[in-house]
Amino acid sequence: MMRKPIIGGNWKMNRGTPSEAKEMLVQLIPLVKGINSVDIVICPPYTALSAVNNILKNSNIKLGGQNMYFEEKGAFTGEISPKFLQAVGCEYVILGHSERRNIFNESDELVNKKLKKALEMNLKPIVAIGEHLEEREAGKTKEIILYQMNETFKDITKEDMKTIVIAYEPIWAIGTGKTATPEQAEEIHVYIRELLIQKYDKEIADSIRIQYGGSMKPENAEDLLSKNNIDGGLVGGASLNAELLAAIIKAAEKTTN
Ligand code: PEP
């Protein structure tokens with residue numbers, strides 16, 4: 001089955017001023033102009049969302065948030081409502097990124113609540129899962145993935161699953177320069193699809209896009225993206241540079257020819 005690749009650029013807490021964002025995007029937009037066989041999403045810090053939305057108008061690049069809260073409004077100082085994300089043009093939102101889970105103690109239960117709210121608000125969730133280095137070394141990767149899949153997607157209907165993108169991000173590969181080999185990543189992507197067949201059915205498992213994330217760069221993107229079950233990338237470091245991100249997007253485009 002042909003799934004449309006999706007490349008997401010997660011700027012994290014970088015390029016957060018409107019001018020920093022603009023500097024990168026005025027380079028990126030012409031580099032990826034006309035590429036319609038790949039979904040391209042940029043997720044800047046909240047403070048740049050509005051400016052980025054204006055810059056991306058009439059381009060083939062979509063906007064996403066890096067996180068959100070599970071309520072629409074109220075006394076939640078410092079949190080961001082899905083409604084606010086929508087109002088500034090976000091179509092996507094990253095949920096459960098390992099930095100949220102590890103630094104800010106977000107549990108699977110919290111990610112599940114956020115996921116339900118994002119779906120209710122018609123935001124397209126990019127849900128990140130992945131194991132720590134010690135877990136991989138202890139041979140527990142599949143056990144961890146099984147647990148995260150069960151808890152994060154608890155009570156999510158088959159219909160809702162159709163709008164979700166899963167990002168498999170081995171934590172030991174994020175921002176470390178260590179990339180999972182294409183074979184290591186593919187093995188877990190296949191496993192995630194097997195779990196989706198067990199929990200839902202083959203149609204869902206075949207249609208869901210599973211991105212790889214973890215030090216993806218132009219040098220390794222083609223090998224990773226050419227694997228049957230790797231449908232894109234969630235890119236941190238390399239997404240801050242227009243030429244690097246464009247090269248990754250072009251590697252994804254190549255897989256569609
Ligand atoms: C990420 O932030 O999701 C990520 C994969 O970062 P990096 O590409 O820098 O490893």
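The chat below covers the ligand site, then the barrel.

Tutor: This is a predicted model, in which local features need pLDDT of at least 70, side-chain atom pairs count only at pLDDT 80 or more, and totals for chains, interfaces and linings use all residues. Residues are numbered from 1 along each chain as its sequence is written, and side-chain values use heavy atoms, with hydrogens and water left out.

Student: How many residues surround the ligand?

Tutor: There are 14, and the closest are Lys12, Glu169, Gly175, Ser215 and Gly237.

Student: What lies 2.6 Å from an oxygen atom of the ligand?

Tutor: An N or O atom in the Glu169 side chain. For His97, a side-chain N or O atom is 2.9 Å from a ligand oxygen.

Student: How much of the ligand does the protein bury?

Tutor: The protein buries 96% of the 290 Å² that the ligand exposes when taken alone (Shrake-Rupley method, 1.4 Å probe).

Student: Now the strands. What order do they take in the barrel?

Tutor: The 8 strands close in the order E1-E2-E3-E4-E5-E6-E7-E8, with parallel pairing. Strands are DSSP runs (E, at least two residues) numbered from the N terminus, and two of them pair if DSSP finds at least two bridges between them.

Student: How many bridges join E5 to E6?

Tutor: 4, between residues 124–129 and residues 165–168. Val127 stands opposite Ile166 in E6.

Note on methods
A residue is near a molecule or strand if one of its heavy atoms lies within 4 Å of it. A polar contact is a pair of N or O atoms within 3.5 Å; within protein, one must be able to donate a hydrogen and the other to accept it, and residues adjacent in sequence count only if both atoms are side-chain atoms.
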